[in-house]
Amino acid sequence: MSTPIPATLIPGDGIGAEIVDATLAVLDALRAPFVWDRQIAGMGGIKTAGDPLPQATLDSIRRTRLALKGPLETPSGGGYRSSNVRLREEFQLYANLRPALTIIPGGRFDKIDLVVVRENLEGLYIGHEAYIPIDGDPHAVAMATGINTRAGSRRLLEFAFEQAIATGRKKVTIVHKANIMKALTGIFLETGLELYERKYRGKFELDTVIIDACAMKLVLNPWQFDMLVTTNLFGDILSDLVAGLVGGLGMTPGANIGADAAIFEAVHGSAPDIAGKGIANPIAIMLASAMMLDHCKLPDLAQRLRRGIDETLNIDKVRTGDLGGSASTATFTKALASRIENS
Ligand code: NAI
């Protein structure tokens, strides 16, 4: 029996409760040692505590340093900042890790296995934006400032390189636009090349590619890549592109990792159009919980969960509607739990 691991659980909005409950059922089948502290955020936080990120939720994550999070709705208007962005800033979650792995064979792109590592705190997403009014037009000029630091680039690149070694990746590709944004993305490229020469040469192959060429190459021949590491904006776009290569958002987990905490989530949102219908695909957040098991040094449990998902989809052929099947969330979860119990 493993040592109990305290962790915060945020079911979130929309389909959140349905997919999180499904995940808890399979983690129970695995006898995963998490001891959950259930907290609220998003619309649930606004309704109950008047804040999309209540203090009790922040305190819980500060204590456990580990969270599994369902999707959070950010209401447009009302002056609320995105809870996801606030969480990243609050806990300095500087690395966003998004693996994309083909689970159902025979799609447009088969046998995809790559990972995007995105810098999560700097770049053009720092929110320094302004308009300059001219001649009565309040929005005549729009400006945004991007900031990348040597230290911020280095800690993200170091995380990516260590992750590449720990997971046996053969090649890491730094994605940039240093031909045009010479300072802003040049510093990231320069820091990566310098770090590789100083500490990592020979441990894996390092390559560099300009973002626009990278987008084209990902569509023409995604198999040439193994791990992509890049700045905030490029990483945001590329990680959705890569999710598309493996069948869309329903299959893609993400991890936000920092010095103070690690938060695991599905990449998709709260899917309000299907919330409460019992038909949501819970795989993305289940795969996020597998990443959480890896993070807690329980790779055998993570592997059993991933194998169970693969077998339920491909041997039992139990699939939810978004994957072309007719199973409900509950039917899929039951089939997976019994696969795990018998594994
Ligand atoms: P969405 O990802 O919620 O939905 C897009 C489409 O994919 C919908 O048709 C939905 O039914 C479908 N879908 C998503 N997840 C699915 C699943 N697990 N199974 C089956 N179908 C699924 O994106 P949308 O509609 O743009 O956003 C809805 C809300 O979610 C917004 O308030 C947005 O701010 C929030 N959001 C939160 C995120 C987070 O907390 N990490 C990420 C993205 C959006």
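Figure 1. An oxygen atom of the ligand sits 3.0 Å from a polar backbone atom of Ser270. His268 takes part through its side chain, where an N or O atom is 3.2 Å from a nitrogen atom of the ligand. Such a polar contact is a pair of N or O atoms within 3.5 Å; within protein, one must be able to donate a hydrogen and the other to accept it, and residues adjacent in sequence count only if both atoms are side-chain atoms. The ligand has 810 Å² of accessible area on its own, and the protein covers 65% of it. These areas come from the Shrake-Rupley method with a 1.4 Å probe, and for residues only the protein chains shown count as cover.

A note for reading all the panels: this is a predicted model, in which local features need pLDDT of at least 70 and side-chain atom pairs count only at pLDDT 80 or more, while totals for chains, interfaces and linings use all residues. Residues are numbered from 1 along each chain as its sequence is written, and side-chain values use heavy atoms, with hydrogens and water left out.

**Figure 2. The shell around the ligand.** Of the 19 residues around the ligand, those that come nearest are Leu72, Gly269, Ala271, Asp273 and Asn281.

**Figure 3. Strand β11 and its two partners.** β11 (residues 253-257) is largely enclosed by the rest of the structure, because 5 of its 5 residues are buried. Buried means under 20% relative accessible area, exposed over 50%, and partly exposed in between (1.4 Å probe, protein chains only). Strands (E, at least two residues) and helices (H or I, at least four) are DSSP runs, numbered from the N terminus. In a regular strand the side chains alternate between the two faces of the sheet. For β11, both faces are covered: Gly254 and Asn256 are buried on one side, and Pro253, Ala255 and Ile257 on the other. Strand β4 (residues 95-101) pairs with β11 in the antiparallel sense over 3 bridges, and Asn96 stands opposite Asn256. Two strands pair if DSSP finds at least two bridges between them. Strand β12 (residues 262-266) is antiparallel to β11 as well, over 5 bridges, with Phe264 opposite Ala255. A hairpin of 4 residues links β11 to β12.

Figure 4. Strand β5 (residues 113-119) runs parallel to β10 and is joined to it by 4 bridges; look for Val115 opposite Met227. β8 pairs with β10 in the parallel sense, over 4 bridges, and Val175 stands opposite Thr230. Thr173 is found in β8 (residues 171-176). With 0% relative accessibility, Thr173 counts as buried. Beyond four places in sequence, Thr173 touches Asp207, Thr208, Val209, Phe225, Met227, Leu228 and Val229. Contact means heavy atoms within 4.5 Å.

**Figure 5. Thr333 in helix α11.** This panel shows Thr333 in its place in α11. Thr333 has a relative accessible area of 8% and is therefore buried. Apart from neighbours within four places in sequence, Thr333 is in contact with Ala22, Ala25, Val26, Pro282 and Met286.

Figure 6. Is Ile315 buried or exposed? Its relative accessibility is 55%, so Ile315 counts as exposed. With neighbours within four places in sequence left aside, the contacts of Ile315 are Asp310 and Arg339. Lys317 has its place in the loop between α10 and α11, and its phi is near 55 degrees, a positive value in a residue other than glycine. At 54% relative accessibility, Lys317 counts as exposed.

**Figure 7. Lys297 in the loop between α9 and α10.** Lys297 is placed in the loop between α9 (283-295) and α10. Its phi is near 60 degrees, which is positive although the residue is not glycine. Lys297 counts as exposed, at 70% relative accessibility.

How values were computed. A residue is near a molecule or strand if one of its heavy atoms lies within 4 Å of it.
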